[in-house]
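Take a moment to look over the chain from one end to the other. This report walks through its parts in turn.

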Amino acid sequence: MIELYYWPTPNGHKITMFLEEAGLAYEIHPVDISAGDQFKPEFLAFSPNNRMPAIIDRDPADGGEPIAVFESGAILEYLADKTGMFLPKDVRGRKTVLEWLFWQVGGLGPMAGQNHHFGIYAPEKIPYAITRYVNETNRLYGVLDRRLKGRAFIAGDAYSIADMACYPWIVPWKNQQQTLSDFPDLSRWFEAVAARPGTVRAYAKGQPFTARPTVTEAGKSILFGQTAKTGH
Ligand SMILES: N[C@@H](CCC(=O)N[C@@H](CS)C(=O)NCC(=O)O)C(=O)O
């Protein structure tokens, strides 16, 4: 059994996408980031960056004590290694998937995240910051569009953890002030991933938690302005 510490944000969706595709048994533990659940000591004990997602694998491959993993990219790689799914075993195929996984966690995610922050959540609209992150998101969409030309999926013919990492960050393309149809290969890939039954099931898992916005007005004071001392 995998215990998934989760909230329905792009980084959370990545992991439900994997778990649904792989058919692994899992249990969701909601981490309401607008309510400050990410600062609870029992969560920080295995997710020291006060961010979700995180998992605890109660049935690790070595038969030993439960294994906890934080950081969505590390979780995807761990689950892929555990199941032998969505990450090729050959040295070249594995390298390619991990390149694009790291591209997402180091680039697309943080840049699109700042795009959301300055475009939607920031109390003052700072044109330089908005333009900076809208343009950078646009550049990254272009990189992905070119990568997908002539390829069904990011790493080639096979669906992989690189696709699962990137897809949830393209879902909010309108909020990111992008036009998906400007990127024909990205659009084609996006529709294909959206139509996968595993993707549909994964997003349905988030539904019960979306009765109110992911980031509430009250949550802004918890989420934004954190320092080294916050919540510890
Ligand atoms: N690099 C991390 C980022 C995770 C992340 O930023 N999670 C956000 C929600 S998408 C979060 O938990 N935020 C809580 C907070 O800011 O305190 C990953 O890929 O797992």
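## The overall plan

In what order do the elements of the chain run from the N terminus on? The order is β-α-β-α-β-β-α-α-α-α-α-α-α. That run holds 9 helices and 4 strands. Keep in mind that this is a predicted model.

The C-alpha trace spans about 50 × 45 × 30 Å along its principal axes. A compact globule of 232 residues would have a radius of gyration near 17 Å, and the chain has 18 Å, which agrees. Of the 232 residues, 34% count as buried. Now take the contacts with a separation of 6 or more: residues 24 or more positions apart account for 66% of them.

## Two domains

Domain 1 covers 2-85 + 201-223, and domain 2 covers 91-195. Their centres, taken over C-alpha atoms, are separated by 21 Å.

How many residues of each domain are in contact with the other? Domain 1 brings 13 residues, and domain 2 brings 11. On the domain 1 side, H1 and H3 are the elements that give two or more residues. The largest share of that side comes from H1, with 6 residues. By class, the domain 1 side has 6 nonpolar, 4 polar and 3 charged residues.

## Strand pairing

Strand S3 (residues 54-57) pairs with two other strands, S1 and S4. Strand S1 (residues 2-6) is joined to S3 by 4 bridges, and the two run antiparallel. The pairing of S3 with strand S4 (residues 67-70) is also antiparallel, over 4 bridges.

Isoleucine 55 shows both pairings. In one, leucine 4 stands opposite isoleucine 55 in S3. In the other, isoleucine 55 stands opposite valine 69 in S4.

## An enclosed helix

Is helix H6 largely enclosed or open? Helix H6 (residues 161-170) is largely enclosed by the rest of the structure, because 10 of its 10 residues are buried. Among them are Ile161, Asp163, Cys166 and Trp169. The list of buried residues in H6 also includes Met164, Tyr167 and Pro168.

Which helices do the buried residues of H6 pack against? They pack against helix H1 (10-22), helix H3 (72-83), helix H4 (91-121), helix H5 (127-148) and helix H7 (184-194).

## Around the ligand

There are 15 residues around the ligand. Which of them come nearest? They are Thr9, Asn11, Ile33, Arg51 and Ser72. Helices H1, H3 and H4 each supply at least two residues of the shell. By class, the shell has 6 nonpolar, 7 polar and 2 charged residues.

## Glutamine 38 and its surroundings

Glutamine 38 sits in the loop between strand S2 (26-30) and helix H2 (41-44). Is glutamine 38 buried or exposed? Glutamine 38 counts as buried because it has 23 C-beta neighbours inside 10 Å, and the cut-off for buried is 20 or more.

Leave out residues up to four places away in sequence. Glutamine 38 then touches Val31, Ile33, Phe43, Asn50, Arg51 and Met52. Proline 53 is 15 residues from glutamine 38 along the chain, and their C-alpha atoms are separated by 9.8 Å.

Most residues other than glycine have a negative phi, and most peptide bonds are trans. Some places in this chain depart from that pattern. A cis peptide bond joins methionine 52 and proline 53, with omega about 10°. Proline 53 lies in the loop between H2 and S3.

Glutamate 71 has a positive phi, near 80°, and is not a glycine. Its place is the loop between S4 and H3. Glutamate 71 counts as partly exposed because it has 16 C-beta neighbours inside 10 Å. Glutamine 177 also has a positive phi, of about 60°, although it is not a glycine. Glutamine 177 is found in the loop between H6 and H7. With 16 C-beta neighbours inside 10 Å, glutamine 177 counts as partly exposed.

Note on methods. Residues numbered from 1 in each chain as written. Predicted model: local features only at pLDDT ≥ 70, side-chain atom pairs only at ≥ 80, totals over all residues. Buried ≥ 20, exposed ≤ 12 C-beta atoms within 10 Å, placed from the backbone. Contact = placed C-beta atoms within 7 Å. Near = placed C-beta within 6 Å. Nonpolar A, V, L, I, M, F, W, Y, C, P; charged D, E, K, R; others polar. Domains from an automatic or database assignment. Rg over C-alpha atoms; globule rule 2.2 N^0.38 Å. Pairing = 2+ DSSP bridges.
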